[in-house]
Amino acid sequence: MAADKHSSWSYTEGLPDEDDILLRARERSHELGVSPVTPAVGAALTVLAAASKASTAVEVGAGAGVSGVCLLRGLGRQAVLTTIDADVDHLRAAREAYAEAGIPTNRTRTISGRASDVLPRLTDRAYDLVFLDADKAGLPGYVEQATRLLKEGGMLIVNDALDQDRVPEPAVREASTTTLRQVGRLVRENETLVSALLPTGTGLLLAVKQRP
Ligand SMILES: C[S@@+](CC[C@H](N)C(=O)[O-])C[C@H]1O[C@@H](n2cnc3c(N)ncnc32)[C@H](O)[C@@H]1O
C-alpha cells in the first residue's frame with residue numbers, strides 16, 4: 001500500500017498531548033484572530049529550546065503566548081525569553097499564558113513595538129535562539145537582524161517557512177510566498193549559517209550560526 005504524506009503530517013500534528021494551559025492559550029489566540037504555531041511545531045520548539053541549552057532567546061510575534069510557553073518549557077530555569085509584539089492585547093494574552101504556565105515574571109521580557117524598531121536596539125551576539133513568527137513582509141530584515149543578534153552556535157527558527165505550503169508551487173507569486181522563497185535563499189546562501197527546512201506545521205526553517 002502506498003504511503004501518504006498527508007497522513008504522516010496529520011499523525012505528527014495529532015501526537016502532542018497539549019495541556020489545559022496551551023489549550024486555553026490557543027482559545028485566546030482564536031478569540032484575538034491570531035494563528036498560533038501548530039501542536040507539532042510547538043513540540044519541536046520545546047525540543048529545540050532544550051537541545052540548544054539557550055539562556056537567552058528572542059521571539060518576534062508573541063501572539064497569545066502558545067509558542068512562548070512551548071519555548072519556555074524547553075529553556076533552562078534561568079533562561080530569559082524576550083518576546084516582541086506590535087499588539088498590546090496580544091502581549092497581555094501572552095503574559096496571561098506565561099503566568100498560567102507558572103513562569104516567573106523575571107524569565108520573560110515582553111516588548112511592545114514593531115520588530116523593525118525593536119530588533120535594532122537589541123545587543124549584538126547576545127542571544128542563543130531567535131524565533132521569528134510575525135509579519136512576512138518584514139522577514140528578510142528580521143533574518144538579517146537575527147544573524148547579528150545570535151552568538152556563534154546560536155539557532156534561528158522561522159515559522160511558516162513554506163507559507164501555508166505555497167512555497168513549492170512555482171505558479172504561486174503572492175508577495176508572502178515570494179518573500180519566503182527569498183528568506184530560504186538568504187539563509188541557504190549565508191556562509192555563516194548551516195540550515196535545514198522541515199515540513200513540520202507549515203514549514204520550519206532551522207539554521208545555526210557558525211564561525212565565519
Ligand atoms: C502568527 S502570530 C504569532 C503567534 C505566536 N508565535 C504563537 O504561536 O502563539 C503573529 C504575531 O505577530 C505580531 N506582529 C505582526 N507584525 C508585527 C511587527 N511588524 N512587529 C511585531 N509584531 C508583529 C502580531 O500582532 C501577532 O501577534
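Which helix does His90 lie in? His90 is in helix H5. Bear in mind while reading that this is a predicted model. Here are my notes, point by point.

1. Starting with His90, since I opened with it. His90 counts as buried, because its relative accessibility comes out at 15% and the cut-off is under 20%. If you skip the neighbours within four places in sequence, His90 is in contact with Leu32, Val34, Gly63, Ala64 and Asp85. Gly61 is another residue to look at from here: His90 and Gly61 are 29 residues apart in sequence, with 9.0 Å between their C-alpha atoms.

2. Now the overall picture. The protein has eight helices and seven strands. Its radius of gyration is 16 Å, close to the 17 Å that the globule rule gives for 212 residues, so the protein is as compact as a globular protein of that length. Along the principal axes, the C-alpha atoms fill a box of roughly 45 × 45 × 30 Å. Take the contacts between residues at least 6 apart in sequence: 69% of them join residues at least 24 apart.

3. Surface and charge, quickly. Buried residues account for 49% of the 212 residues. The protein exposes about 10,700 Å², and 52% of that comes from carbon and sulfur atoms. On the charge side there are 24 positive and 28 negative charges, and their mean positions sit 6 Å apart.

4. As background, nonpolar side chains in soluble globular proteins tend to be buried together.

5. Zooming in on Leu45 and Ser67. Beyond the neighbours within four places in sequence, Leu45 is in contact with Val37, Ser67, Cys70, Leu71, Phe131 and Ile157. Ser67 is found in helix H4 and is buried, with a relative accessible area of 4%. With residues up to four places away left out, Ser67 touches Val37, Leu45, Glu59, Gly61, Ala62 and Phe131. The pair Ser67 and Phe131 is 64 residues apart in sequence, yet 9.1 Å apart in space from C-alpha to C-alpha.

6. For context, most residues other than glycine have a negative phi. Asp160 sits in the loop between strand S5 (150-159) and helix H8 (175-189), and Asp163 is in the loop between S5 and H8 too. Are these two buried or exposed? Asp160 counts as buried at 6% relative accessibility, and Asp163 counts as buried at 2%.

7. What packs around that loop? Thr202 is one place to look, in the loop between strand S6 (193-198) and S7. Neighbours within four places aside, Thr202 is in contact with Asp160, Ala161, Leu162, Asp163 and Gln164. Thr202 is buried, with a relative accessible area of 14%. Thr177 counts as buried at 0% relative accessibility.

8. Last one: Gln145. Gln145 is in helix H7 (residues 139-149). With a relative accessible area of 19%, Gln145 is buried, because the cut-off is under 20%. Not counting residues up to four places away in sequence, Gln145 touches Leu119 and Pro120. From Val37, Gln145 is 108 residues away in sequence and 22 Å away in space, C-alpha to C-alpha.

Conventions:
Residues numbered from 1 in each chain as written. Predicted model: local features only at pLDDT ≥ 70, side-chain atom pairs only at ≥ 80, totals over all residues. Heavy atoms only, no water. Helix = DSSP H or I, 4+ residues; strand = E, 2+ residues; numbered from the N terminus. Buried < 20%, exposed > 50% of the residue type's maximum accessible area, 1.4 Å probe, protein only. Rg over C-alpha atoms; globule rule 2.2 N^0.38 Å. Contact = heavy atoms within 4.5 Å. Areas by Shrake-Rupley, 256 points an atom, 1.4 Å probe, with all protein chains shown as cover. Lys, Arg positive; Asp, Glu negative; His and termini not counted. Charge placed at Lys NZ, Arg CZ, Asp CG, Glu CD.
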